[in-house]
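Good morning, colleagues. Please look at the model on the screen while I go through a few local features of it.

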Amino acid sequence: MLVLLLPLLAVLPGDGNANGLEEPVSFHVIHIASFYNHSWKRCLSSGWLSDLQTHAWDRNSSTIIFLWPWSRGNFSNGEWKELEMLFRIRTIQLFEGIPRHAHELQFEYPFEIQVTGGCKLHSGKVSGSFLRLAYQGSDFVRFQNNSWLPYPAAGNRAKHFCKVANQNQHENDITHSLLSDTCPRFILGLLDAGKAYLQRQVKPEAWLSGGPSPGPGHLQLVCHVSGFYPKPVWVMWTRGEQEQQGTQRGDILPSADGTWYLRATLEVAAGEAAGLSCRVKHSSLEGQDIVLYWEHHSSVGLIILAVIVPLLLLTGLALWFRKRCFC
């Protein structure tokens, strides 16, 4: 079954940095094979440079999809064709081999096999590689020091897998070479080809809003920060220079254009909201922090209400007079 995993390694490259990117940077391939029964199965594969997807696998044409103009790195067309063919062949073998060994390994339908592998860079140097296989989302086996090792919690079937896989040392040598040689060579070329895009600086936009009331007499203050790149950002509610430790940061979420979004909330008593502000720090701002004051947000809301309410009253009066005239 080890042979079935080799295509994943060929397209690899981990978490590391070589071109001024945030450290560390990795390239990893994710391969998910779903087996619903003996004849119905599906396979999804993708390549990622840290949090950015750079490659996909077209199941219909059995070809690699390059999601960015620089996704080819410095590999030649010939090298990509070889990797594509290898991936195609091994994917077919995966679909044929897993069902054949399912009973032996006590895999019960429906089940999923997840494989992730790649290498990491730190300061432009390889800092490690990895190849892990999971069954139903739980760690099963991993490749380390030129051989397969079971995860302790995976039990005897993982041990059996490793025993069979490690009988073919030639395949283990190929796996090791792909992880330690092909992967680092690819990731360095990818970082170089995508340097202009990956090192870009996009300034965040920020705005305030009120969230759902946490209770009587209390407010939830929400600070939205969007459209920033790179990912590292600092967002905090403050009172003057004092950080408010009650600030809750959500997950940093990706946007469709490759930038990021984050929101930070703070729950306070209604009478304590005055004097609070949201401060945003980001590398693109070059030290010029964004500071938004809650009073200004509240004032804008009051101004809007002051304009809208009279307009609604005037509209109502106009409709009433029009109705009277028609009567």
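Serine 46 is located in strand S2, which spans residues 41-49; strands (E, at least two residues) and helices (H or I, at least four) are DSSP runs, numbered from the N terminus. Please keep in mind that this is a predicted model, in which local features need pLDDT of at least 70 and side-chain atom pairs count only at pLDDT 80 or more, while totals for chains, interfaces and linings use all residues. Residues are numbered from 1 along each chain as its sequence is written, and side-chain values use heavy atoms, with hydrogens and water left out.

Is serine 46 buried or exposed? Serine 46 has a relative accessible area of 16% and is therefore buried; buried means under 20% relative accessible area, exposed over 50%, and partly exposed in between, with a 1.4 Å probe and protein chains only. Not counting residues up to four places away in sequence, serine 46 touches His28, Val29, Ile30, Gln53, His55 and Ala56, where contact means heavy atoms within 4.5 Å.

I turn now to helix H3, residues 156-165, in which Ala158, Phe161, Cys162 and Ala165 are buried. Seen down the axis of H3, these buried residues fall within an arc of 95°, so they line one face of the helix; the arc is that of the directions from the helix axis to the C-beta atoms. In general, an α-helix has 3.6 residues a turn, so residues three or four places apart point the same way. On the other side of H3, Asn156, Lys159 and Lys163 are exposed. What do the buried residues of H3 pack against? They pack against strand S7 (138-144), strand S8 (147-150) and helix H4 (169-193).

Next, the disulfides, each a pair of cysteine sulfur atoms within 2.5 Å. By this rule the count is two. One of them joins cysteine 119 to cysteine 183, with an S to S distance of 1.9 Å. Cysteine 119 lies in strand S5 (residues 111-122) and cysteine 183 in helix H4, so the pair ties together parts that are 64 residues apart in sequence. Cysteine 119 and cysteine 183 are both buried.

Cysteine 223 and cysteine 278 also form a disulfide, with their sulfur atoms 2.1 Å apart. This pair links distant parts of the chain, 55 residues apart: cysteine 223 is in strand S10 (residues 218-228) and cysteine 278 in strand S16 (residues 276-281). The torsion about the S-S bond of cysteine 223 and cysteine 278 is about -80°, so the disulfide is left-handed.
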